[in-house]
Amino acid sequence: MSESDEMRAARIRELMETEGDAVADGTRGFNAGRYESVADLDEYEELKDGARAIKEDAIGRLPELLDRLEAAVEGNGGTVYLAEDAADANRYVREVVAGKDADRVVKSKSMTTEELEVNEALEADGVEVVETDLGEWVLQVADEAPSHIVAPAIHKSREGIAELFNERFDPEEPLETAEELTRFARERLGELIEGADVGMTGANFVTADSGTVALVTSEGNARKCAVVPDTHVAVAGVEKVIPSVEDLRPFVELIGRSGTGQDITSYVSFLTPPVASPAVDFDDPDAPMADGAIGGDGAGDDPDREFHLVLVDNGRLAMREDEDLRETLYCIRCGACANSCGNFQSVGGHAFGGETYSGGIATGWEAGVEGLDAAAEFNDLCTGCSRCVPACPVKIDVPWINTVVRDRVNRTDGAGEFDFLVDGLTPDEEPGGLDRTKRLFGNFETLAAWGSRTAPLSNWVADSAPARWAMDRWLGVAPERDLPEFERETLVDWFAARGSRVTADDARREAVLYPDVYTNHVAVDRGKAAVRTLEALDVRVSVPASAAVGSGRAPLSQGMVSTARRQAERCRDALVPELERGRDVVVVEPSDLAAIRREYEKLLPEGDHERLAAGSYEVLEYVYGLLESGADGSALGDGDDEGGAVNYHAHCQQRTLGLEGYTVAVLERLGHEVTTSDTECCGMAGSFGYKSAYYELSMDVGEPLAEQFGDDDRTALASGTSCCEQLGALLGRPGTHPVELLDPDSPDQ
């Protein structure tokens with residue numbers, strides 16, 4: 001392992017040991033709550049479509065909305081300031097605070113001020129700044145940075161917070177329970193808010209039609225910060241502007257469910273400042289407040305009320321013009337992408353985050369507002385598993401943003417010391433200086449072709465101790481991980497010698513079994529099982545050598561977009577003619593099907609992508625369709641024997657594509673008793689678990705899967721190659737692809 005990999009692994013190991021359990025409990029709890037909450041929402045997908053459309057529209061005509069918003073706020077008596085960058089925003093806020101001769105500012109609900117480092121700017125002027133959200137206050141007391149977008153102190157346990165408070169505040173009675181800690185914080189923060197001169201909040205949304213600021217919180221202190229001091233400063237990125245109050249509805253429905261699994265958060269505040277309620281006079285608490293009304297009719301205007309809306313650009317308007325980063329601006333900062341991410345669940349935002357933002361979407365934010373260096377720090381922790389995509393309430397393609405940023409990071413590095421060697425051996429289109437580990441895994445197609453030609457020698461050499469040491473030292477390949485063994489006879493070779501066993505006259509359908517790189521060179525028996533299974537259902541199968549090309553998945557996972565595009569074009573050139581001959585394309589590896597159905601939209605002309613996506617099927621999805629349309633499945637392996645009870649873990653991208661149910665349905669139809677995994681990810685994710693720097697994290701992510709499946713001797717099934725490998729490592733027995741269970745020639749049948 002290189003020195004940099006050792007440092008990265010050590011940092012991850014430290015965070016797993018110190019913060020991992022608390023982060024796992026919190027994020028997995030939020031994630032489970034999201035599943036439960038959205039299951040009760042009949043119009044969930046429609047709300048997501050609506051929210052997406054509103055954000056697309058708002059970002060598309062942002063300049064116009066900013067003008068309307070400024071007119072609305074100033075018409076209400078407030079002030080709008082559009083800050084170019086962090087320094088500009090801080091200068092304006094400091095001037096407002098100085099103009100009020102303020103000694104104390106109370107804050108709530110604002111990641112944007114974290115981005116700007118407003119606290120540090122005000123404290124440099126001698127102003128006391130107090131965070132009033134409980135989690136933010138805990139971190140301020142502990143002098144730590146947030147580790148989650150909506151649950152900033154998720155990495156801290158109750159016991160840790162109690163120890164912190166008892167040490168820092170020395171209460172008369174030691175604080176222990178959550179109730180005691182909350183009560184102590186509420187009383188202390190209430191006193192600090194009461195004595196504040198300026199209140200500062202963020203904004204979840206700001207409506208251009210009325211200047212309404214929407215605050216969605218689990219605590220009430222944001223509202224107090226806005227209305228108790230006579231001056232309210234709201235700080236928000238320009239992307240928070242949406243057209244109208246009516247447009248708030250889908251976001252209010254979605255944001256709590258997506259972030260914390262709550263049907264609705266405890267507080268949803270719509271303020272149209274300067275708020276109509278008078279400033280609270282704590283020196284005369286018994287005096288009626290405008291005839292007893294707080295806000296609304298009858299409260300009257302308070303001339304002492306002052307409102308400033310600071311809208312922050314800080315790179316956002318440039319992101320709006322960036323075809324790939326633009327989608328980041330649709331983010332509503334719910335944290336669902338972080339909660340659903342296997343790696344984040346293990347390490348949290350202190351590893352999976354940059355200077356301000358954490359989680360999957362953080363790469364886009366950090367690249368846009370801080371620069372590529374900030375994003376590069378953690379970008380590799382996104383494995384592209386795509387489990388965050390269905391979790392996102394505005395349907396942001398988070399993995400694609402991470403892939404694009406990875407590609408840009410790759411291209412910023414200078415030429416490396418061994419580039420003159422690597423460039424001659426690796427047939428990709430990437431620049432010099434690309435990380436050797438990424439170049440190795442991005443060129444797995446070439447490696448596999450050479451491995452098969454020279455097997456078994458290549459397998460013996462690769463598994464030797466000197467080779468494993470060298471691979472760890474120079475290529476970052478984890479020595480603990482078993483390497484794939486290449487087969488001398490490829491699937492294409494086997495089929496060419498064997499031929500089809502179903503005649504054209506007897507065929508129910510004709511299909512091309514796509515010989516993906518792994519199935520063709522390593523998991524050849526799996527490919528044979530797929531051929532025999534399809535033939536048992538009267539499908540005339542072909543495995544043409546012309547289709548034995550990489551889909552582009554491997555380079556795509558390394559951020560090698562140009563190479564992935566070239567491979568996608570080769571795959572298209574091989575498969576589209578087969579579709580035009582009336583054949584279906586059947587894919588064994590879910591990640592390759594995901595590339596065809598999802599990523600090819602970004603890599604190929606629209607018509608080519610649609611043609612391939614419409615004609616390609618995952619193998620169990622195809623089997624399900626055949627059985628449903630009347631094919632006789634009696635020849636397939638069934639669950640009548642003792643091996644009928646199975647455990648099944650669906651591949652991440654298979655679940656994102658909505659294909660998990662087909663496999664379960666086929667297995668149950670054939671008499672198998674199926675227990676499905678309830679984890680988001682096995683932790684392997686293609687090449688991720690092979691990398692020395694991430695091996696321990698990969699195993700930690702897979703631990704819940706081992707806990708669920710490890711106590712019995714049922715057959716462990718998985719749809720993805722990497723999942724099968726991880727099951728083997730976690731359980732000590734190999735994982736099996738479902739199609740191998742269906743194989744009529746399987747030795748188990």
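**View 1. A four-stranded open sheet with mixed pairing.** In this predicted model, four strands form an open sheet in the order β8-β5-β6-β9, with mixed pairing. Strands are DSSP runs of E, at least two residues long, and helices are runs of H or I, at least four residues long; both are numbered from the N terminus. Two strands pair if DSSP finds at least two bridges between them. β8 (241-242) and β9 (267-271) stand at the edges; each has a single partner strand, so one side of each lacks a neighbour in the sheet. β5 (residues 205-207) and β8 pair in the parallel sense over two bridges. Val 206 has Val 241 in β8 as its bridge partner.

**View 2. A three-stranded open sheet with parallel pairing.** The strand order is β16-β15-β17. β16 (673-676) and β17 (715-718) are the edge strands, each with a single partner, so one side of each is left without a neighbour in the sheet. β15 (residues 645-649) pairs with β16 in the parallel sense over four bridges. Tyr 648 stands opposite Thr 676 in β16.

**View 3. Leu 457 at the surface.** Leu 457 is found in helix α23 (residues 457-462). Its relative accessible area is 54%, so Leu 457 counts as exposed (buried is under 20%, exposed over 50%, partly exposed in between; 1.4 Å probe, protein chains only).

**Notes.** Residues are numbered from 1 along each chain as its sequence is written, and side-chain values use heavy atoms, leaving out hydrogens and water. Local features need pLDDT of at least 70, side-chain atom pairs count only at pLDDT 80 or more, and totals for chains, interfaces and linings use all residues.
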